[in-house]
Amino acid sequence: MKKVVIVSLFAILAGTSFAAAADAGCDAFKWPVAREQALFPTAPAAQSGATLTVGQAADFSLEAVDTVSFEVPPDRAPKAGTFGATANVTVPPDGELQLSLSDEAWIDVVQDGKTVKSSAFSGVRTCPGIRKSVRFKLAVGAAIIQVSGAKKADLKLAVLTPE
């Protein structure tokens, strides 16, 4: 009986430690990702070429990267056998976007036919459901989000303004 209690206690402590480690993993981002955590579970399905709205997330069905029509070639050449997508977005008056991905992939933003360099980046491998978050300073108006190099054919993407 004593052995069962000890094993049970160990299992409870291990579970608590795992949950704390998962929370600590998400806290390792340079900025909060709580909005993404709230949006990703109910993100609606989207296909390459979709129009996204700032403040929402989408669950993309990605295409083989060699079949995606990118506006400009991705800054990092995607490996063969990976996946990608594009999306349209209207940049709000403050001109800043925070794009967060559920899994590993490369992300570019294109305006006026040119790739815009990110202004900040944060990536964590220990946060369940969120892999990276990238910020861009952009001009107000139309922009194209390009995702490439994803290892899986599905990916969630949140389009937010920085907090």
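**Covalent and charged links in the predicted model**

The structure holds 1 disulfide, a term used here for a pair of cysteine sulfur atoms within 2.5 Å. The structure is a predicted model, in which local features need pLDDT of at least 70 and side-chain atom pairs count only at pLDDT 80 or more, whereas totals for chains, interfaces and linings use all residues. Residues are numbered from 1 along each chain as its sequence is written, and side-chain values use heavy atoms, with hydrogens and water left out.

A disulfide is a covalent bond between the sulfur atoms of two cysteines. The bond is formed by C26 and C127, with their sulfur atoms 2.0 Å apart. The link of C26 and C127 is right-handed, with 90° about the S-S bond. C26 belongs to helix 1 (residues 2-27), while C127 is found in the loop between strand 9 (120-123) and strand 10 (132-137), so the pair ties together parts that are 101 residues apart in sequence. Helices (H or I, at least four residues) and strands (E, at least two) are DSSP runs, numbered from the N terminus. Both C26 and C127 are buried; buried means under 20% relative accessible area, exposed over 50%, and partly exposed in between (1.4 Å probe, protein chains only).

Side chains of opposite charge can pair when their charged atoms come close. A salt bridge is defined as a side-chain nitrogen of Lys or Arg within 4 Å of a carboxyl oxygen of Asp or Glu, and a search of the whole structure finds 5 salt bridges. One of them joins the side chains of E163 and R35, at 3.7 Å from N to O. This pair links distant parts of the chain, 128 residues apart: E163 lies in the segment after strand 12 (154-160) and R35 in helix 2 (residues 34-39). E163 is exposed, at 60% relative accessible area, whereas R35 is partly exposed, at 24%.

In another salt bridge, the closest N and O atoms of K152 and D103 are 3.4 Å apart. K152 is located in the loop between strand 11 (141-150) and strand 12, and D103 in the loop between strand 6 (96-101) and strand 7 (106-111); the pair therefore ties together parts that are 49 residues apart in sequence. K152 is partly exposed at 43% relative accessibility, as is D103 at 28%.

A salt bridge also connects E104 with R131, whose closest N and O atoms are 3.6 Å apart. Because E104 lies in the loop between strand 6 and strand 7 and R131 in the loop between strand 9 and strand 10, the pair ties together parts that are 27 residues apart in sequence. Salt bridges that share partners join E104, R125 and R131 into one network.
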